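Hi everyone, thanks for coming.

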Amino acid sequence: MKKILKFFRNFLVLTIWTLVFLFVSRLLMGLIWSFDFMSYHSWSVFSKFWNSGGVLKSFPDIMLLICLFLLPFLWFFGLRKSLKLNYISLFLYPFMAISRFIGPKNIIPERIVLKNVKTTQQMVEDIKEEIASIKPAKNEKAGSIRDTINKKISEETKK
């Protein structure tokens, strides 16, 4: 189910991003160069100019060519960025901004909880105490057995 929802979300983002990108890029290229890259007429004028030996000498003509080459890369880059956006926070932002603007400014919290407000030395001592309490006590029997074995060995070596 998650894969289906993710696919639907990605398809929706892809569709919306493509429509917005096409609208904005066509508008900008139409305003700046009077060139509509979705129109057959604009491409036929460009093709006739190129086939008749036309040379792109001026800066605006070169920029038009660069923009035409960059359009697919800009679309792909924008798609990747738009797929990574968190749309819930984007849609809820106006409501949160209004609540911050309208909401009370000077609210004093009823209760303040401070944790770990100890000095560093006191924290180190507390940790040492906790470690000491966790360590198991030494077994007295084990020590006495070792002592008796050591005494027997030393007696054997003396003889």
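**Starting at Ser42**

If we set aside its neighbours within four places in sequence, Ser42 is in contact with Phe35 and Asp36, where contact means heavy atoms within 4.5 Å. Ser42 sits in helix H2, residues 40–51. Is Ser42 buried or exposed? Ser42 is buried, at a relative accessible area of 13%; the scale here is buried under 20%, exposed over 50% and partly exposed in between, with a 1.4 Å probe and protein chains only.

Quick word on what you're looking at. This is a predicted model, and local features need pLDDT of at least 70, side-chain atom pairs count only at pLDDT 80 or more, while totals for chains, interfaces and linings use all residues. Residues are numbered from 1 along each chain as its sequence is written, and side-chain values use heavy atoms, with hydrogens and water left out.

Now the overall picture. The protein chain has six helices and zero strands, and from the N terminus the elements go α-α-α-α-α-α. Helices (H or I, at least four residues) and strands (E, at least two) are DSSP runs, numbered from the N terminus. Of the 159 residues in the protein chain, 11% are buried. Take the contacts between residues at least 6 apart in sequence: 58% of them join residues at least 24 apart.

Next, the loop between H1 and H2, which is where you'll find Ser34. Ser34 has a phi near 55 degrees, a positive value in a residue other than glycine. Ser34 is exposed, with a relative accessible area of 64%.

Let's turn to H1 and H3. How do H1 and H3 pack? Their axes are 10 Å apart, at an angle of about 160 degrees; axes are lines fitted to C-alpha atoms, for helices over the stretch in contact, and angles run from 0 to 180 degrees between N-to-C directions. So H1 is roughly antiparallel to H3, a label used for angles over 145 degrees, with under 35 roughly parallel, 65 to 115 roughly perpendicular and the rest oblique.

Who makes that contact? On the H1 side the residues include Asn10, Thr18, Phe21 and Met29, and on the H3 side they include Leu64, Leu68, Trp75 and Leu83. The residues of this contact divide into 16 nonpolar, five polar and one charged. Here Ala, Val, Leu, Ile, Met, Phe, Trp, Tyr, Cys and Pro count as nonpolar, Asp, Glu, Lys and Arg as charged, and the others, Gly among them, as polar.

Last stop, the core. Which residues make up the largest nonpolar core? There are eight: Phe21, Met29, Phe35, Phe37, Phe46, Leu64, Leu68 and Leu71. A nonpolar core is a set of buried Ala, Val, Leu, Ile, Met, Phe, Trp, Tyr and Cys residues joined through side-chain atoms within 4.5 Å. Helix H1 (2–33) and helix H3 (59–84) each supply at least two residues of this core, and H3 gives the most, with three. As for Phe46, leaving aside neighbours within four places in sequence, it is in contact with Phe35 and Leu65.
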